[in-house]
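Q: I'm new to this one. Can you take me through the charged pairs?

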Number of protein chains: 2
Amino acid sequence: MTPPTADQGRQTRSRIIGRAVDRASIEGLESLSFGELAKDLRLSKAGVAGPFGSKEALQLAAFDRAVQIFREHVWDPAADMPAGRRRLEAVCGNWLSYLEHCPFPGGCVVTTASVEWDARSGPVHDAVATAQKRWLAVLSAEADVAIRTGELSPVPDARQLAFELNGIAMSLNQAIQLLGDSDAPNRARRALDRLMAAA
Amino acid sequence: MTPPTADQGRQTRSRIIGRAVDRASIEGLESLSFGELAKDLRLSKAGVAGPFGSKEALQLAAFDRAVQIFREHVWDPAADMPAGRRRLEAVCGNWLSYLEHCPFPGGCVVTTASVEWDARSGPVHDAVATAQKRWLAVLSAEADVAIRTGELSPVPDARQLAFELNGIAMSLNQAIQLLGDSDAPNRARRALDRLMAAA
């Protein structure tokens with residue numbers, strides 16, 4: 001048996017992270033286990049644990065991947081637009097579509113982690129809180145530009161708007177994942193439209 | 001040693017459930033373990049498991065208690081008011097206060113469970129989904145009365161209003177628990193006021 005090349009090692013690590021993200025969307029990051037992932041991927045437990053070393057390192061890598069996928073669906077398609085109201089609306093539309101057609105089997109991993117880790121402590125909590133703060137700051141910054149250029153009224157202020165947008169997304173994720181409510185995406189879009197029309 | 005009386009048995013069961021709810025608010029219902037609860041309460045593991053028989057029965061009892069405490073804080077103080085807009089506003093005010101001064105150390109257990117169990121299956125998922133549906137139905141029914149009596153405009157409709165109220169509460173719970181954002185209660189109240197003023 002020849003040892004794996006660096007490239008094969010990266011591919012294996014990436015496969016493990018992908019599977020971990022899917023599992024975390026259903027069961028949360030805390031329930032991840034090298035043993036279960038090894039069974040899923042038909043690898044040895046040592047082969048799964050090796051690239052990470054600790055469960056915490058795996059959790060951090062899985063959360064990081066989930067944030068990256070979120071960004072690819074929600075932010076990147078609008079990244080080249082000029083900052084302001086239209087980009088904020090585009091990003092929010094992408095956000096609702098991402099929740100409706102979620103790339104993870106158990107719904108948004110970032111949302112799941114934000115609740116799972118809100119009262120725990122340590123590096124995973126810190127990574128989740130940092131990601132959530134950054135996302136609210138991105139939304140606020142976009143709203144700030146729109147307020148300064150007169151595209152949005154200054155009441156509600158930018159952070160208030162980000163807070164309310166986040167609520168619409170959280171309610172949508174719950175309605176889809178927990179309640180199987182097929183009307184929820186339309187409800188979320190109406191809520192978004194009314195919020196932006198009032199702003 | 002004399003065997004415990006039925007009354008002592010009920011008290012022990014109730015203490016176990018109380019501790020389980022506090023732990024679930026931090027770690028979720030899935031992380032509950034008879035062994036950890038026994039250590040917390042200085043009881044034998046068999047003494048903690050006995051009144052429940054299975055972890056699932058404990059999870060269901062803990063969730064039931066959490067719903068009861070939610071109702072005591074949010075619904076009961078307004079229960080004697082006439083149905084309609086004023087009671088809906090009172091209940092929503094109680095809801096935000098409950099989240100701000102949460103009786104559980106890790107935030108609202110109902111919210112935590114609604115995310116933790118959204119993609120799992122079985123009796124605990126079903127109990128969580130049923131409780132969440134009932135709560136949204138209570139809010140909708142109250143809004144329906146207010147719409148029929150002309151106290152609220154029919155747009156947004158009652159279910160839309162319930163969806164958006166839920167989002168404000170979820171965003172508040174996250175801002176307090178995950179982000180430690182002390183401005184969030186005021187933000188949530190402003191969001192509630194604007195939503196009700198527009199309705």
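**Salt bridges**

A: A:Arg120 and A:Glu30 form a salt bridge, with their closest N and O atoms 3.8 Å apart. A salt bridge here is a side-chain nitrogen of Lys or Arg within 4 Å of a carboxyl oxygen of Asp or Glu.
A: The model is predicted, so local features need pLDDT of at least 70 and side-chain atom pairs pLDDT 80 or more, while totals for chains, interfaces and linings use all residues. Residues are numbered from 1 along each chain as written, chains are lettered from A and ligands numbered from 1 in the order written, and side-chain values use heavy atoms, without hydrogens and water.

Q: OK, which parts of chain A does the pair A:Arg120 and A:Glu30 tie together?
A: A:Arg120 is in the loop between α6 (109-116) and α7 (123-148), and A:Glu30 is in the loop between α1 (6-27) and α2 (34-41), so the pair ties together parts 90 residues apart in sequence. Helices are DSSP runs (H or I, at least four residues), numbered from the N terminus.

Q: Is A:Arg120 buried or exposed?
A: A:Arg120 counts as buried, at 16% relative accessibility. The cut-offs are under 20% relative accessible area for buried, over 50% for exposed, and partly exposed in between (1.4 Å probe, protein chains only).

Q: And what does A:Glu30 count as?
A: A:Glu30 counts as partly exposed, at 26%.

Q: New topic: what does A:Lys39 pair with?
A: A:Lys39 forms a salt bridge with A:Glu36, the closest N and O atoms being 3.5 Å apart. The two are three residues apart in helix α2 of chain A, about one helical turn.

Q: How many salt bridges over all chains?
A: A search of the whole structure finds 30.
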